[in-house]
Amino acid sequence: MSTRTRPALDVSELPEIAFGHRDPLWWGVAGLIAIESTMVVLLVASFVYLRGNYHEWPPTGFGVPVQLLALAEALVLAASAFSTPRTNLAALDGDLRRIQRWLAVTTALGAVFCGLRGSMFAILPFHWDLHAYASVVWGLLGLNFLHALSGTLENAAVLGVALRGPFEKKHLVDVHSSGFLWYFVVWSWLPVYALVFLLSRFIRSGG
Amino acid sequence: VKLPTAVPRTVDPPDAEHLALLDRTWRRPPGFVGWLSDVNHKSIGLRFIVTSLVFFALAGVLALLMRVQLARPDNAFLGPDRYDQLFTVHGSTMMYVFAVPVMEGIGLYLVPMMIGTRNTAFPRLVAYGYWTYLIGGVFLWVTFLLDVGPDAGWFAYPPLAGPQFSPGKRIDVWSQMITFTEIASLAGAVAEIATILKHRAPGMSLDRMPLFVWATLVASFMVVFAMPAVMLVTMQLALDRLVGTHFFNTVEGGDALLYQHLFWFFGHPEVYIMFIPGLGMVSSVITVFSRRQIIGYLAMVLSLVATGFLGFGLWVHHMFATGLPQLGASFFTAASMLIAVPSGVQIFCWIATLVAGRPRLRVPLLWVLGFIVIFVAGGLTGVFLASVPIDLQAHDTFFVVAHFHYVLIGGVVFPLLGGLSYWYPKATGRLLSERLGLWSFALAFVGFNVTFFPMHILGLRGMPRRVYTYLPETGWGDLNLLATAGAFTMAVGVLLFVLNLVRSARHGAVAGDDPWGGDGLEWATASPPRPFNFAELPTVRARYGLWTRAVDQPVVVGVAAHRPELLVTHLLDAEPDHRTELPGATLAPLWLALATGVTFIGLVFTPWAAVVGGVLAGIALVWWFWPKGPHKELHWEQP
């Protein structure tokens, strides 16, 4: 170790938090999203792949009640895509009241979504063990349910900190990150919803 | 918004009081509980390395048992059932429980020091990864010792691994073991990516990163996109077996080939995930022992990145024998041959560096030279196998066994042993014995080739893999006996290596901080490193941070010493951006790993384990993240 005086780069004036890709936590969440997105994409690939084993596709219909539930779910999720950016902007502004308000809205929408999905599981006209199509549809619904449930619990936990405190400055970054994660929940489901519930019969068999 | 920038000024060196403060901040709490709650990257990295080396030794013993069984025809040393378990647990341990975790461990240990920081970005996540990995590895081996070990090969294809042909719990054990180890790899990979992208020393722009760090970055990205495939496919297999889904049940519209596609979408990148860090070690060793800069740094980096991308485009060459459409097969043949190009570029760069430098033939370099010979041979048989007609002939024969052991032992184990020899003095403060090292290298190199070269010939003569014995009339006996002799020779070499590791820890020559004249920042730390790595956080002005350090190279000041704080820098040019506080030591990762363990081990028996484990994990997570005092930087308006 040197004993001389030497030039130094003093970083003590630099801020202690940063948002978006400047923040290491953002990269952690981005990694998690990449992992889970790969799971979703590969499960969708399984869905399309299994199409080749059927003449009739989908082999079993959903029926009107399930279709309505799925539509309601999608609308609730789409609505949360409007409340999330408001929460995130509030975090950037450091406005605790707005964070509380909009995060409560997103959390509530998430809870409603999970409730709707629970009822859908109860009334789906087929079980996972009927055939491969049923298995993969249950797989897609189940994986997305896990995403939505964990996203909602995460939002609820952050909301708990925002409501009860002590709310540290670094929690602004946590609010922002959980918003980032919730975007994933929304955007990983809406295309899958469209594919499975609306466009499924347009998938052509390869062979 | 104009942010404050770092201010240049002059400082005095840190005094003893400052060092004591840093030590208090970064060292783990005392006692056994403190040991369990440690989140320092060096402790976790070493735990990964030591644990995976233990599993390596265990799986090596299985290999020797298999070689004893195959040493002569009609041998009755092992029965078919035991033999099936042996090769499955050998392969699964080597792939999932040894090769990936050991590389992860070395990355966790070295990368923060190489980039000039004090810990990984997510120390608790990394600790959680280690505990899940440990549970998964122990679970696999306990079931194996209880005679309920998996027995359908390291890739467990259905229908053989499906509910109809593999009743019982053996395959469920396998699929849950995968979940454990892959969670660990994913946690480590995400932490490495964030650490490398955000915590590099000021001045270490991307094009100045050490090649080992580049290799770790590329391998980590590959983990992120490849491991989900195996988690998904083993989960589907587990569901088929546990709750009667039909993903792979052909009778009900499922597809066994879907399993192979998803598995190899992971399985092929997996090969690169294992040996790309090895390539990084090779570059480190060749640079320092040639005593010159690597030739073709840019080409090396681009080759690593290209391998990372191409590695995802050749999975189908594992499925040539399944009757796929020819056009598709040709595409994957082309891709498989293409990936030889970036590997070749790196080999040429290494050879050029050795030729242009003044090589010192020390033990780490010997392992690397051994790597070059073996890996090139394995690469060449890989080019053979990329061709569909040859693959159809050699598929499922010992030729393939020979090929992938040349690639994996050549590409993973030799660089690993070279890397361990090279960085051992950093971790222990002592040098390995050069004489023992020489013997272990010579025995391992000769033993390896005597074991696996004959397998090429055996394969071409038609000996299938995964048979527990063969008839005398086949004429395979002599070469098999030779291979067995080679295996024991290699085992003695590895044993000497381990002996050297253990003995030198106490009796080796004292190494000093930088025994090899190293090029990277890791050699600027003490040997063994202090808990905080660097007394003064470094800056760099070029590649090879230590070699190119200026006499008046600035240091970073203003990062708190009384709490675990890291400097965050910009992604591309590593300019200082902000400071961030890390979480300290805690038992939370261990509790969460135990909850994960309850979940996945329970899932072998009942789907309700997911519910119970989910609740336990939820409790552990809330405990982990809930803010606990003392609080600082309170947001201005408190609720």
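**Chain B against chain A**

The contact draws 77 residues from chain B and 62 residues from chain A, contact meaning heavy atoms within 4.5 Å. This is a predicted model, where local features need pLDDT of at least 70 and side-chain atom pairs count only at pLDDT 80 or more, while totals for chains, interfaces and linings use all residues. Residues are numbered from 1 along each chain as its sequence is written, chains are lettered from A and ligands numbered from 1 in the order in which they are written, and side-chain values use heavy atoms, with hydrogens and water left out.

About 6,000 Å² is buried between the two chains, 65% of it from carbon and sulfur atoms. That area is the accessible area (1.4 Å probe) that two parts lose on being put together, summed over both.

Now the salt bridges. Between chain B and chain A there are three, each a side-chain nitrogen of Lys or Arg within 4 Å of a carboxyl oxygen of Asp or Glu. One joins the side chains of A:Arg22 and B:Asp577 at 2.9 Å, N to O.

Next, the strands, which are DSSP runs of E, at least two residues, numbered from the N terminus. Strand 1 (residues 6–10) of chain A pairs with strand 3 of chain B in the parallel sense over three bridges; pairing requires that DSSP finds at least two bridges between the strands. A:Ala8 stands opposite B:Val555 in that strand of chain B.

Last, one residue within chain B. B:Thr93 is buried, at a relative accessible area of 0%, where buried means under 20% (1.4 Å probe, protein chains only). Leaving out residues up to four places away in sequence, B:Thr93 touches B:Phe55, B:Ala59, B:Phe98, B:Leu140 and B:Trp141.

Conventions:
Buried means under 20% relative accessible area, exposed over 50%, partly exposed in between (1.4 Å probe, protein chains only). Helices (H or I, at least four residues) and strands (E, at least two) are DSSP runs, numbered from the N terminus.
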